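Please look over the sequence and the model below before reading on. The paragraphs that follow go through some local features one at a time.

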Amino acid sequence: MGPRQAGKTTIMLELKKLLDEKGRKTLFLSLDNEADKVHFSSQSNLIEKIETEIGKVKGFVFLDEVQRKENAGIFFKGIYDMNLPYKFIMSGSGSMELKEKIHESLAGRKRVFEITTLNFEEFSNFKTNYKYEDRIVKYLNIEKVKEESLLKEYLNFGGYPKVVLEETLKEKQRVINEIYQSYLEKDISYLLGIKKTSDFSNLVRILSSQVGNLINFSEISNTLEINIKTVKNYIYYLEKTFIIKKITPFFRNVRSEISKTPIFYFTDLGLRNFAAQIFGNITLNPQVGFIFQNFVFNLLSEFSRETFTPLYFWRTKHGSEVDFVLEKALNPFPIEVKYKKLKKPEISRSLRSFVEKYKPEKAVIVNLSLETKIKINTTEVFFLPYFKLHSLLYKSFA
């Protein structure tokens, strides 16, 4: 599962090619293909198609864009329970648990792999022709000019494979526009059953301008002149189709800290910038600090998903705030983000407040250049360039 155009179909076709080379029986069908759709009209029709192509022997059946199948959960659960000799590999741009589209869970019958657009490490390896694949962090640490150029390009254009492959700004803009319009016209029109997507598109634009900020549902409702229930419903679908991700507050004292209002970040920076109408032109934009914060969130979100480590933000009613908090065995790990080339350690009042209150073992200030370590009482505070964050996290949470 993952966003449209992130590479799910490509990965499935590569897997099919690998299996074909090993002499395995395979079949690929897509619900985006009109000729293939007829085979999904019933379970018996699909099984008949598979048996015709593969036979009644072991084989691998690749099914693309299964979110287009009505009542997909019941449909595929029924096939699974027939104990056929086939392994099914399915893809979808929306979650397999999309609201009211699947009425029965495939729990215990599936394993989910979430595909994102290219992360910064994958992007950097591609841009350097995989020459430094096992030592990309060392490369970025030494080649400062190239590192700055790669970061600037990634913050501007994000990680959609087709966008990364294009050379010119004009072509990148054309591709990201096609991806966004395809998302609205295919996924959203289909899932929500709406022809007019302007309100939905305007909501995406508002959210793109509020990255890293608390969301006020009432304010958005008034701005768009649609009710709060519709706003929340649209946001639900934005999450389920992998466009945005929600982060919730860290709190131990509900009375003194904000405990309900979420923050949303975009899973791809290029799409976020396109929605905000600054695609390819973020350098002098005052929002660049929040874009970098979104960039670090995506790094942390990937780590959180891989290690099952909860990720939060922290804000108090008195105005203290820390961008991110990871938590391991009730031990918080605060992370502040600074889009600066720090020359010396700088500790914000908010981070000091968090450290004094929760006494974490470690804290991190992610920045563009400074690498050092200081202590606040018993807390080790690490200043790290963003590309060294993963390494510290895996050491700390191993």
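In which loop is the place of E65? The model is a predicted one, and in it E65 is found in the loop between β2 (59-64) and α4 (72-80). Most residues other than glycine have a negative phi. E65 is not a glycine, yet its phi is positive, at about 60°. With a relative accessible area of 7%, E65 is buried, because buried means under 20%.

A second residue of this kind is A329. Its phi is near 50°, again a positive value in a residue other than glycine. A329 belongs to the loop between β7 (321-328) and β8 (331-337). Is A329 buried or exposed? Its relative accessibility is 76%, so A329 counts as exposed, the cut-off being over 50%.

The next topic is helix packing. Two packed helices are described by the angle between their axes and the distance between the axes. Here the helices are α10, which covers residues 198-209, and α12, which covers residues 228-240. Their axes come within 11 Å and cross at roughly 75°. That angle falls in the range from 65 to 115 degrees, so α10 is roughly perpendicular to α12. Which residues make the contact? On the α10 side they are D199, F200, L203, V204 and L207, and on the α12 side V231, Y234, I235 and L238. By type, eight residues of this contact are nonpolar, none is polar and one is charged.

Aromatic rings come next. How many aromatic pairs does a search of the whole structure find? The search finds 28. One of the aromatic pairs is formed by Y386 and F387. The centres of these two rings are 5.2 Å apart and their planes stand at 90°, an edge-to-face arrangement. Y386 and F387 are both buried. The two residues also belong to a cluster linked by ring pairs, which includes F120, F123, Y154, F292, F295 and Y339 as well.

Rings also take part in another arrangement, with a charged group over the ring. The charged end of K69 sits over the ring of F75, at 4.6 Å from the ring centre. In the other case K232 lies over the face of F217, and the distance to the ring centre is 5.1 Å.

Technical notes
Residues are numbered from 1 along each chain as its sequence is written. This is a predicted model: local features need pLDDT of at least 70, side-chain atom pairs count only at pLDDT 80 or more; totals for chains, interfaces and linings use all residues. Side-chain values use heavy atoms; hydrogens and water are left out. Axes are lines fitted to C-alpha atoms, for helices over the stretch in contact, and angles run from 0 to 180 degrees between N-to-C directions. Helices (H or I, at least four residues) and strands (E, at least two) are DSSP runs, numbered from the N terminus. Angles under 35 degrees count as roughly parallel, over 145 as roughly antiparallel, 65 to 115 as roughly perpendicular and the rest as oblique. Contact means heavy atoms within 4.5 Å. Ala, Val, Leu, Ile, Met, Phe, Trp, Tyr, Cys and Pro count as nonpolar, Asp, Glu, Lys and Arg as charged, and the others, Gly among them, as polar. Rings of Phe, Tyr and Trp (its six-membered ring) pair if their centres lie within 6.5 Å; planes under 30 degrees apart count as stacked, over 60 as edge-to-face and the rest as tilted. Buried means under 20% relative accessible area, exposed over 50%, partly exposed in between (1.4 Å probe, protein chains only). A charge sits over a ring if NZ of Lys or CZ of Arg is within 6 Å of the ring centre and within 35 degrees of the ring normal.
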